[in-house]
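I am opening a new page for this structure.

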Amino acid sequence: LYGDRHRLTLSARNNLASALTAQEKYAEADAILAEVVAGNRAVLGDGHEQTVISQLNRGHAKTGLGDAV
């Protein structure tokens, strides 16, 4: 119904990626979160709370992969 860049779609995908991270499916979560972060930046801006949360969640997935910066 909403489209790939709608804020509710991005939020749902962020939640899915968080669940995948909790299941230690880090590569899957990271791939989704890369798109979510890009979408949130485009739609909401860099400083928006949801953008920051998605970046934090991506950091958790990257840590699981051993790719933490």
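**Entry 1: T51.** I looked up what T51 touches beyond its neighbours within four places in sequence, and found contacts with N40, R41, L44, G45 and D46. I am working with a predicted model. I placed T51 in helix α3. Is T51 buried or exposed? Its relative accessibility is 0%, so T51 counts as buried, the cut-off being under 20%. I also checked T51 against L33, which lies 18 residues away along the chain. Their C-alpha atoms are separated by 10 Å.

**Entry 2: helix α2.** I checked the length of α2, which covers residues 26-44. At 1.5 Å a residue, its 19 residues should span 27 Å. I found the end C-alpha atoms 25 Å apart, which agrees. Next I looked up which α2 residues are buried, and noted A29, D30, I32, L33, V36, V37, G39 and N40. What do they pack against? The buried residues of α2 pack against α1 (7-22) and α3 (49-65).

A reminder to myself on spacing: an α-helix has 3.6 residues a turn, so residues three or four places apart point the same way.

**Entry 3: α1 with α2.** I looked up how these two helices cross. Their axes come within 9 Å, at roughly 155°. That angle is over 145 degrees, so α1 is roughly antiparallel to α2. The crossing of α1 past α2 is left-handed. From α1, I listed L10, R13, N14, L16, A17, L20 and T21 in the contact. From α2, the list is Y26, E28, A29, I32, L33, E35, V36, G39, N40 and V43. How many residues of each class make this contact? I noted 10 nonpolar, four polar and three charged.

**Entry 4: α1 with α3.** I turned to the other partner of α1. The axes of α1 and α3 come within 10 Å and cross at roughly 20°. An angle under 35 degrees counts as roughly parallel, so I recorded α1 as roughly parallel to α3. I noted a left-handed crossing here too. On the α1 side, S11, N14, S18 and T21 make the contact. On the α3 side, I listed Q50, I53, S54, N57, H60 and A61. By class, I noted two nonpolar residues, eight polar and no charged.

How values were computed. Residues numbered from 1 in each chain as written. Predicted model: local features only at pLDDT ≥ 70, side-chain atom pairs only at ≥ 80, totals over all residues. Heavy atoms only, no water. Helix = DSSP H or I, 4+ residues; strand = E, 2+ residues; numbered from the N terminus. Expected span 1.5 Å × (residues − 1). Buried < 20%, exposed > 50% of the residue type's maximum accessible area, 1.4 Å probe, protein only. Contact = heavy atoms within 4.5 Å. Axes fitted to C-alpha atoms, helices over the stretch in contact; angles between N-to-C directions. Parallel < 35°, antiparallel > 145°, perpendicular 65-115°, else oblique. Left-handed = near helix turned anticlockwise from the far one by under 90°. Nonpolar A, V, L, I, M, F, W, Y, C, P; charged D, E, K, R; others polar.
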